[in-house]
Amino acid sequence: MTLHRLGQMRAAGEKIAMLTCYDAAFARLLDDAGVDVLLVGDSLGMVIQGHPSTVPVSLEQMVYHTQSVARGNRTAWVIADLPFGSYQESVSQAVHNAVLLMQAGAHMVKLEGGGWTVPLVRALVERGVPVCAHLGFTPQSVHALGGYRIQAREEPAAAALARDAAELAAAGASMLIVELVPSTVTRSLSASLPLTVIGIGAGSGCHGQVLVLYDMLDLTPGKLPRFVRNFMEGSGSIAEAVQRYVREVKDGSFPDDARHGY
Ligand code: KIV
């Protein structure tokens with residue numbers, strides 16, 4: 001997988017299937033099952049380390065997991081999260097830490113937020129680091145956002161999100177993850193922006209979908225948000241569950257806005 005191929009898929013209307021991935025064994029399994037993009041998400045702080053948020057995850061831990069995923073992967077595109085505190089200080093801090101993730105085996109880095117992140121995105125792209133932005137609910141800001149809640153429900157917030165997304169695209173971001181926003185908001189972003197929009201709890205009108213691997217494999221304890229679907233239900237193995245996810249993202253049957261959307 002390449003950035004060019006991902007752009008071709010978007011242009012052709014072929015949906016992109018992305019899952020989070022944190023180790024070599026799952027990287028191999030997901031790649032073999034046809035997952036297009038592996039996201040070494042800082043959600044590992046919650047699902048692997050047991051923290052209540054992604055805030056405690058360190059850059060060193062992201063480098064370790066990115067190296068593990070890169071060793072197991074053969075063909076998928078690999079994105080690594082810049083964790084909280086690894087890009088907030090300055091452009092030079094962001095560039096320095098993005099280089100460490102790229103050297104660990106990432107093909108692209110992801111950072112959260114709009115507005116203040118625009119100069120960081122521009123600097124990274126100018127220096128040869130592809131960037132995935134992340135708007136809507138941004139988990140590293142969970143305390144500032146007042147918990148896990150739907151974003152951009154009202155018109156002024158939806159307009160601000162669209163403005164942020166357009167600025168990030170103009171700065172050179174080639175992908176955007178949109179989390180926990182109404183389906184109508186994402187649908188219009190996907191139709192109007194020159195970048196690839198991937199949704200999580202953001203409806204079916206995106207160029208692709210991402211879920212946290214442990215959520216869709218039913219490994220996360222407790223009640224999951226409505227946008228998550230348990231793909232283990234009715235599957236005989238993990239590989240079959242992942243293959244079903246890929247198939248249903250690609251044929252448009254997951255997500256179903258009536259069941260999984262806001
Ligand atoms: O860290 C992560 O897994 C993410 C996804 C929720 C998109 O950012």
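This is a predicted model: local features need pLDDT of at least 70, side-chain atom pairs count only at pLDDT 80 or more; totals for chains, interfaces and linings use all residues.

Me: Okay, using that, which residues is histidine 134 in contact with, leaving aside its neighbours within four places in sequence?
Reply: Histidine 134 touches Lys110, Leu111, Glu112 and Gly113, and also Pro139, Leu176, Ile177 and Glu179.

Me: And where does histidine 134 lie?
Reply: In strand E5, which covers residues 131-136.

Me: Is histidine 134 buried or exposed?
Reply: Buried, because its relative accessibility is 4% and the cut-off for buried is under 20%.

Me: Let's zoom out. How many helices and strands does the protein chain have?
Reply: There are 12 helices and eight strands. The C-alpha atoms fill a box of roughly 50 × 40 × 40 Å along the principal axes.

Me: What radius of gyration would a compact globule have with 262 residues, and what does the chain have?
Reply: The globule would come out near 18 Å and the protein chain has 17 Å, so the two agree.

Me: How much of the chain is buried?
Reply: Buried residues make up 55% of the 262. As for contacts with a separation of 6 or more, 62% are between residues 24 or more positions apart.

Me: New topic: helix H4. What should its span be, and how far apart are its ends?
Reply: H4 runs over residues 59-72, which is 14 residues. At 1.5 Å a residue it should span 20 Å, and its end C-alpha atoms are 20 Å apart, so that agrees.

Me: Which residues of H4 are buried?
Reply: Leu59, Met62, Val63, His65, Thr66, Ser68, Val69 and Gly72.

Me: What covers them?
Reply: The cover includes helices H2 (24-32), H3 (44-47) and H5 (91-103), along with strands E2 (37-40) and E3 (77-81).

Me: Which elements give two or more residues to its lining?
Reply: Strand E7 (196-200) and strand E8 (208-211). E8 gives the most, with three residues.

Me: Which residues line it, and how do they divide by type?
Reply: Among them are Ile200, Leu211, Phe227, Phe254 and His260. The lining divides into seven nonpolar, five polar and no charged residues.

Technical notes. Residues are numbered from 1 along each chain as its sequence is written. Side-chain values use heavy atoms; hydrogens and water are left out. Helices (H or I, at least four residues) and strands (E, at least two) are DSSP runs, numbered from the N terminus. The expected span of a helix is 1.5 Å times one less than its number of residues. Buried means under 20% relative accessible area, exposed over 50%, partly exposed in between (1.4 Å probe, protein chains only). Contact means heavy atoms within 4.5 Å. On a 1 Å grid over the protein atoms alone, a cavity is a set of points where a 1.4 Å probe fits but cannot get out, and a pocket is an open set with protein on both sides within 12 Å along at least five of seven lines; lining residues have an atom within 4 Å of a point. Ala, Val, Leu, Ile, Met, Phe, Trp, Tyr, Cys and Pro count as nonpolar, Asp, Glu, Lys and Arg as charged, and the others, Gly among them, as polar. The radius of gyration is taken over C-alpha atoms; the globule rule is 2.2 Å times the number of residues to the power 0.38.
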